[in-house]
Amino acid sequence: MTALIRSSKAWRVLTAAAVKAELEHRANFLVSIIGGLFYQGMGLAFIWVVLSRFSSLGGWTLPEVAFLHGLRTSAHGLYVVSFGRVSTSDQLLREGEFDRFLTRPVGVLIQIVTYRASIMPIGDLLFGLSIVFIAANSLSIEWTLSKIALAAAAIVGGALVELGLQLVVSGLAMRTLSTRSLVLVIESLFSSFGKYPMKVFDVPVRFFLTFILPLAFIAYFPASVILGRSSELDVPGWIAACSPIVGMIIAFSAYVFWRLQLRHYSSVGS
């Protein structure tokens, strides 16, 4: 318990220092956030163009797809703002910065995630949350306490799914020192498939995006439960409702794997 308190305090102090450093360049701070908003807005605009022509996507209307897109974008924004530096582990390893982390009396992972503050994803997070609220209002969802809890937990759980996958890649980087291509593949798959209903894909693709690369657990499953579409899922509704718990399991399992790889790490200067 004492170690957890110390780690939490170290995370708060290092995060505050990283954010303060970024705020010294306020123009860059604002431009980065606006850039994130614009980038995500372009993705939603593309969906709008498609649905204005075909009226629905896999049986999902524009507000429903927008709600799904908002959940996915919010989860991604939360991941990158909080843990995004995990994706740059291979770079820190090659530059020798990782060796410095090992000599300091603070957890290595805490030092990685607080190495620099990620500013642009704040725009992603704000955009995603805004779209969730706007789409939910358009759909006239009957919000119950359980649905509110699921929506909030889905954003956190989705961020943990992404963290888990990137932690696995980070662990592999300790063996190979170069995993950037794998990071980009995961990011590309998440960006390309995460904002669409799984129904539009063939069964093999849905299987892959559910049980191999668990993208469906980030936003599609929770959104389906909240929107009353559980009957169309490839898994029982209770599993879809437990998506945030799946995120916790994936993140914890990935952390254990990452710690095991850390034991076998050999300095790049060795």
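Axes are lines fitted to C-alpha atoms, for helices over the stretch in contact, and the angle between two axes is taken between their N-to-C directions. The exercises below use a predicted model.

**Exercise 1. How are the axes of α3 and helix α8 placed relative to each other, and at what angle do they cross?**

Step 1. Two packed helices are described by the angle between their axes and by the distance between those axes.

Step 2. For α3 and helix α8 (residues 145–176), the axes come within 8 Å, and the crossing angle is roughly 55°.

Step 3. Angles under 35 degrees count as roughly parallel, and 65 to 115 as roughly perpendicular. Therefore α3 and α8 are oblique to each other.

Step 4. The crossing of α3 and α8 has a hand as well: it is right-handed.

Step 5. On the α3 side the contact includes L71, A75 and L78, and on the α8 side I155, A159 and L163 are among the residues involved. By class, the residues of the contact of α3 with α8 are 10 nonpolar, four polar and two charged.

**Exercise 2. Which residue forms a salt bridge with E64, and which parts of the chain does the pair link?**

Step 1. The cut-off for a salt bridge is a side-chain nitrogen of Lys or Arg within 4 Å of a carboxyl oxygen of Asp or Glu.

Step 2. The closest N and O atoms of E64 and R229 are 3.2 Å apart, and the two residues form a salt bridge.

Step 3. E64 lies in helix α3 (residues 62–83), whereas R229 lies in the loop between α11 (220–226) and α12 (237–241). The pair is 165 residues apart and links distant parts of the chain.

Step 4. R229 also meets E232 in a salt bridge, with 2.7 Å from N to O. Shared partners join E64, R229 and E232 into one network of salt bridges.

Step 5. Buried means under 20% relative accessible area. R229 has 16% relative accessibility, so R229 counts as buried. E232, at 19%, is therefore buried too. E64 is also buried.

**Exercise 3. Are R100 and E97 buried or partly exposed?**

Step 1. The side chains of R100 and E97 form a salt bridge, 3.5 Å from N to O.

Step 2. Both residues belong to helix α5 (residues 97–102); because R100 and E97 are three residues apart there, about one helical turn separates them.

Step 3. R100 has 47% relative accessibility, so R100 counts as partly exposed. E97 has a relative accessible area of 10% and is therefore buried.

Methods:
Residues are numbered from 1 along each chain as its sequence is written. This is a predicted model: local features need pLDDT of at least 70, side-chain atom pairs count only at pLDDT 80 or more; totals for chains, interfaces and linings use all residues. Side-chain values use heavy atoms; hydrogens and water are left out. Helices (H or I, at least four residues) and strands (E, at least two) are DSSP runs, numbered from the N terminus. Buried means under 20% relative accessible area, exposed over 50%, partly exposed in between (1.4 Å probe, protein chains only). Axes are lines fitted to C-alpha atoms, for helices over the stretch in contact, and angles run from 0 to 180 degrees between N-to-C directions. Angles under 35 degrees count as roughly parallel, over 145 as roughly antiparallel, 65 to 115 as roughly perpendicular and the rest as oblique. A crossing is left-handed if the near helix is turned anticlockwise from the far one by less than a right angle, and right-handed if clockwise. Contact means heavy atoms within 4.5 Å. Ala, Val, Leu, Ile, Met, Phe, Trp, Tyr, Cys and Pro count as nonpolar, Asp, Glu, Lys and Arg as charged, and the others, Gly among them, as polar.
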